[in-house]
Amino acid sequence: MAFLKRNYGWIIVTILAVLPLIILSKMIHIDWTNDLSMSLVESAGKGDRTTLDMLYHISGEFAIRWLTAVLTCTPFFILFGVTNLFVRQAMGIAAAVWSILHFVIFIAMEGFLETFTEVNYVAGFIAVLILIPLLFTSNRKSMKRLKSKWKKLQKYAYVAIILSLVHVALLEKTWIIYAVVVGVGFIIRIPAVKERIIGFRLKRKK
C-alpha cells in the first residue's frame with residue numbers, strides 16, 4: 001500500500017503509455033507454432049491506410065503527445081505548485097519509447113536511407129537521437145552519478161520537442177495544438193511571467 005501511495009503517479013503514466021500498445025498488438029499476428037514469427041494483419045488500417053502506415057501514424061501521434069506532456073510539467077508546477085520528478089521521468093520514458101518505435105516503423109516502411117531525403121525526416125531523426133541518451137539517464141542512479149550535469153542533459157528535451165514539431169508541421173499533420181501548448185509553456189517559463197504567477201499563487205494561499 002505504501003508503494004502505491006509513493007508511486008501512484010508513475011504507475012498511472014505507465015498504464016497510459018502502455019495501453020495504446022494493445023491497439024497496435026491487434027495489427028500484428030504472432031505465430032508461436034513454428035518458432036517465433038511476426039506478420040502484419042491485412043486491412044487493419046482505416047480508410048486507404050495500410051496496416052504499416054496505420055502503425056506509423058499511431059506511434060507518431062503518441063510520441064508527439066508524450067513529448068508535449070513532458071514539457072507541460074514545469075508550467076504545471078508554476079501554475080499550481082504541484083510537481084513530481086519521477087512522474088516527469090516516466091513521461092520522458094514514454095515519449096522516448098514511442099518516438100523510437102515510430103522511427104523503427106518508418107525504417108520498416110521506407111528504409112533507413114530515406115531518413116536523409118527530406119528535412120522533416122532529418123528533424124525527426126535528430127529528435128530520436130537526442131531522446132536516446134535521455135531515455136537511458138531517466139533513472140535515480142543516473143541522477144546521482146551525473147549530479148548537476150543531469151539537469152543540463154535533460155534540457156535537450158526542449159530541442160527534441162521543437163524538432164518534433166518541425167517534423168510534424170512539414171508533414172502537414174495536426175500540429176498547431178501541440179505548438180500552442182508548447183508555446184504557452186515557454187511563455188510561462190519567462191522569469192518575469194513566472195515570478196508574477198508564483199507570487200499571485202502564494203498570495204491566494206495566504
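This is a dialogue about how to read a predicted model of one protein chain.

Trainee: How many residues does the largest nonpolar core have, and which of them have the most contacts inside it?

Mentor: The largest nonpolar core has 44 residues, and those with the most contacts inside it are Trp 66, Met 91, Trp 98 and Ile 161. Two or more residues come from each of helix H1 (2-18), H3, helix H5 (85-110), helix H6 (119-136), H9 and helix H10 (176-189), while H3 gives the most, with 12 residues.

Trainee: How do I read the packing of two helices, and at what angle do H3 and H9 pack?

Mentor: In general, two packed helices are described by the angle between their axes and by the distance between those axes. Here helix H3 (residues 51-71) and helix H9 (residues 156-170) pack at an angle of about 140°, and their axes are 10 Å apart. Since angles over 145 degrees would count as roughly antiparallel, H3 and H9 are therefore oblique to each other. H3 passes H9 in a left-handed crossing.

Trainee: Which residues of H3 and H9 meet?

Mentor: On the H3 side they are Tyr 56, Ile 64, Leu 67, Thr 68 and Leu 71, and on the H9 side they are Tyr 158, Ile 161, Ser 164, Leu 165, His 167 and Val 168. By class, this contact of H3 with H9 has eight nonpolar, three polar and no charged residues.

Trainee: Is Ser 164 buried or exposed?

Mentor: Ser 164, which lies in helix H9, counts as buried because its relative accessibility is 9%, and the cut-off for buried is under 20%. Not counting residues up to four places away in sequence, Ser 164 touches Ile 64, Leu 67 and Ala 127.

Trainee: At what angle do H5 and H6 pack, and how far apart are their axes?

Mentor: H5 and H6 pack at an angle of about 135°, with their axes 9 Å apart, which makes H5 oblique to H6. H5 passes H6 in a left-handed crossing. The contact is formed by Ile 93, Ala 95, Ala 96, Val 97, Ser 99, Ile 100, Phe 103 and Phe 106 of H5, together with Tyr 121, Phe 125, Val 128, Leu 131, Ile 132 and Leu 135 of H6. By class, it has 13 nonpolar, one polar and no charged residues.

Trainee: Which residues make the contact between H4 and H11?

Mentor: Take the geometry before the residues. Helix H4 (residues 73-80) and helix H11 (residues 191-205) pack at an angle of about 40°, with their axes 7 Å apart, and that angle makes H4 oblique to H11. Phe 77, Ile 78, Leu 79 and Phe 80 of H4 make the contact with Lys 194, Ile 197, Ile 198 and Arg 201 of H11. The residues of this contact divide into six nonpolar, no polar and two charged.

Trainee: What is the distance in space between Met 109 and Leu 52?

Mentor: From C-alpha to C-alpha, Met 109 and Leu 52 are 7.0 Å apart, although 57 residues separate them in sequence. Met 109 is found in helix H5 and is partly exposed, with a relative accessible area of 28%. Leaving aside neighbours within four places in sequence, Met 109 is in contact with Leu 52, Asp 53 and Tyr 56.

Trainee: Finally, what is the phi of Lys 147?

Mentor: As a general rule, most residues other than glycine have a negative phi. The phi of Lys 147, however, is near 55°, a positive value in a residue other than glycine. Lys 147 is found in the loop between helix H7 (140-146) and helix H8 (148-154), and, at 62% relative accessibility, Lys 147 counts as exposed.

Technical notes: Residues are numbered from 1 along each chain as its sequence is written. This is a predicted model: local features need pLDDT of at least 70, side-chain atom pairs count only at pLDDT 80 or more; totals for chains, interfaces and linings use all residues. Side-chain values use heavy atoms; hydrogens and water are left out. Axes are lines fitted to C-alpha atoms, for helices over the stretch in contact, and angles run from 0 to 180 degrees between N-to-C directions. Helices (H or I, at least four residues) and strands (E, at least two) are DSSP runs, numbered from the N terminus. Angles under 35 degrees count as roughly parallel, over 145 as roughly antiparallel, 65 to 115 as roughly perpendicular and the rest as oblique. A crossing is left-handed if the near helix is turned anticlockwise from the far one by less than a right angle, and right-handed if clockwise. Contact means heavy atoms within 4.5 Å. Ala, Val, Leu, Ile, Met, Phe, Trp, Tyr, Cys and Pro count as nonpolar, Asp, Glu, Lys and Arg as charged, and the others, Gly among them, as polar. Buried means under 20% relative accessible area, exposed over 50%, partly exposed in between (1.4 Å probe, protein chains only). A nonpolar core is a set of buried Ala, Val, Leu, Ile, Met, Phe, Trp, Tyr and Cys residues joined through side-chain atoms within 4.5 Å.
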